[in-house]
Structure formats: structure tokens, C-alpha cells
Amino acid sequence: FELGSPASGPPVVIGKDVYVATRAGDIARITSVSAGLTANAGVYRNAAGEDVKFSGWHKVLEAVPEGSPVVGGDTVVLSLGAWGMAGFDAANGDLRWHVPDVGLPLAITDARVWCLDATGYLVARDLMTGGRRERLCLGEFTIPVVNTKTERLVLASPKGLV
């Protein structure tokens with residue numbers, strides 16, 4: 001699957017889905033299809049010479065993304081630098097919400113996406129609307145830990161406390 005541009009961060013793999021943002025300013029979901037083809041599906045030949053079916057979506061963004069997307073439930077959240085943050089529907093890539101607040105998504109837990117804002121505060125945003133729920137001082141937990149593997153928020157300090 002040719003992205004056409006280098007990734008802005010490591011791809012996020014969840015089950016058979018791969019989510020990746022690029023330095024050209026787009027985001028894509030690539031899904032392996034085990035049987036049957038959908039209207040947006042394609043086929044590519046892997047290194048072993050086998051045909052692999054895939055489907056997914058591709059969206060052009062309003063700004064160049066920073067880092068990898070964070071995925072939870074049916075929402076994909078991405079930092080778009082000075083343009084803010086955005087949440088997308090994982091099924092079709094449609095924009096769900098955009099907030100002008102600069103931030104780095106760290107993790108998704110239940111119905112919240114946890115972000116580090118531009119002032120160093122931990123901010124919880126509603127996963128469906130992007131609305132701010134909480135804003136907390138991190139104290140000595142100043143090392144951002146992005147968790148794309150589980151639904152857990154991980155905090156770390158320069159002194160070695162996790």
C-alpha cells in the first residue's frame with residue numbers, strides 16, 4: 001500500500017487495521033480483508049507472491065500531522081500542530097471534531113482522549129465531541145508517554161517514577 005509520503009510517526013496497528021498519518025498531510029486506514037471485497041477494496045501482491053486483499057480509507061487533512069494517531073473505540077485522534085487536534089470516525093475517516101487547542105494525544109480510555117496541552121497540563125477530552133472534560137497539573141510527571149497499545153494512561157517523571 002503506497003502512502004506517497006513518509007509517515008509522520010509509527011503506524012498504529014490494531015487487529016487487522018493499520019492507521020498512519022503522513023508528512024504530506026493525510027491519514028489512512030488500511031484493513032486486511034479475509035474474504036470478499038468491498039467497493040473500496042484492492043489487491044496487492046506480498047513478498048511471498050500471494051495476493052492480499054485490503055480496504056480502507058484515505059483523507060487529506062487541513063494541516064500536517066505531528067506524530068502517530070491514537071485510536072480507541074471507533075475514534076482516531078491526531079495532533080495537527082498549530083491547527084489543533086482532530087477526531088475522526090475510524091470506520092470511514094469522516095471528521096468528527098476539531099479543537100484549535102494544540103496538544104499531543106497520549107492515550108484513549110473509555111470515552112476520553114488524554115492529551116498533553118501546550119502549557120504542560122494533562123487534558124481529558126470527550127472522545128465523541130472533543131469537548132474538554134478535565135484539566136490537571138502533572139506535577140513532576142513531565143515526560144509524555146504515548147500509549148497506542150492499551151487503553152491506559154501512562155505518566156512518567158524524570159526521576160524514574162512511572
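Trainee: In which strand is Asp126 found?

Mentor: Asp126 is found in strand E12, residues 122-126. Strands here are DSSP runs labelled E with at least two residues, helices are H or I runs of at least four, and both are numbered from the N terminus. Before going on, keep in mind that this is a predicted model, where local features need pLDDT of at least 70 and side-chain atom pairs count only at pLDDT 80 or more, while totals for chains, interfaces and linings use all residues. Residues are numbered from 1 along each chain as its sequence is written, and side-chain values use heavy atoms, with hydrogens and water left out.

Back to Asp126: with a relative accessible area of 13%, this residue is buried. (Buried means under 20% relative accessible area, exposed over 50%, partly exposed in between, with a 1.4 Å probe and protein chains only.) The side chain of Asp126 has two backbone nitrogens to talk to: that of Met128 at 2.9 Å, and that of Thr129, also listed at 2.9 Å. Both are polar contacts, that is, pairs of N or O atoms within 3.5 Å; within protein, one must be able to donate a hydrogen and the other to accept it, and residues adjacent in sequence count only if both atoms are side-chain atoms. Setting aside residues up to four places away in sequence, Asp126 touches Trp97, Ala111, Gly131 and Arg133. Contact here means heavy atoms within 4.5 Å.

Now zoom out to the sheet. E12 belongs to an open sheet of 4 strands, ordered E10-E11-E12-E13 with antiparallel pairing. Two strands pair if DSSP finds at least two bridges between them. E10 and E13 (132-136) stand at the edges with a single partner strand each, so one side of each has no neighbour in the sheet. From one strand to the next, the twist averages 25°; the axes behind that are lines fitted to C-alpha atoms, for helices over the stretch in contact, and angles run from 0 to 180 degrees between N-to-C directions.

E10 pairs with E11 (residues 112-117) in the antiparallel sense over 6 bridges. Two pairs to find on screen: Leu104 has Leu116 as its bridge partner in E11, and Ala107 stands opposite Trp114. The hairpin joining these strands has 2 residues between them, and Asp110 there takes a positive phi near 50°.

The side chain of Ser79 reaches the backbone oxygen of Gly103 at 3.0 Å. Ser79 sits in strand E7 and is buried, at 2% relative accessible area. Beyond four places in sequence, Ser79 touches Pro65, Glu66, Gly84, Met85, Gly103 and Pro105. Gly67 is 12 residues from Ser79 in sequence, and their C-alpha atoms are 7.1 Å apart.

The sheet around E7 is open too, with 4 strands in the order E6-E7-E8-E9 and antiparallel pairing. Its edge strands, E6 (66-72) and E9 (95-99), each pair on one side only, and the twist averages 15° from strand to strand. Between E7 and E8, which run antiparallel, there are 5 bridges; Leu78 has Ala86 in E8 as its bridge partner.

Leu78 also takes us into the largest nonpolar core, which has 14 residues; Tyr19, Ile27, Leu61, Val76, Leu78, Leu80 and Phe88 touch the most other members. (A nonpolar core is a set of buried Ala, Val, Leu, Ile, Met, Phe, Trp, Tyr and Cys residues joined through side-chain atoms within 4.5 Å.) Strands E2 (17-22), E7 (75-79) and E8 (85-89) each supply at least two residues of this core. Apart from this core lies another, of 9 residues, among them Val70, Val99, Val113 and Leu127.

For the whole picture, the protein chain has 0 helices and 13 strands, and 43% of its 162 residues count as buried. Of the contacts between residues at least 6 apart in sequence, 34% join residues at least 24 apart. As for cysteines, Cys115 is buried at 1% relative accessibility, whereas Cys137 is exposed at 60%. The structure holds 0 disulfides, a disulfide being a pair of cysteine sulfur atoms within 2.5 Å.
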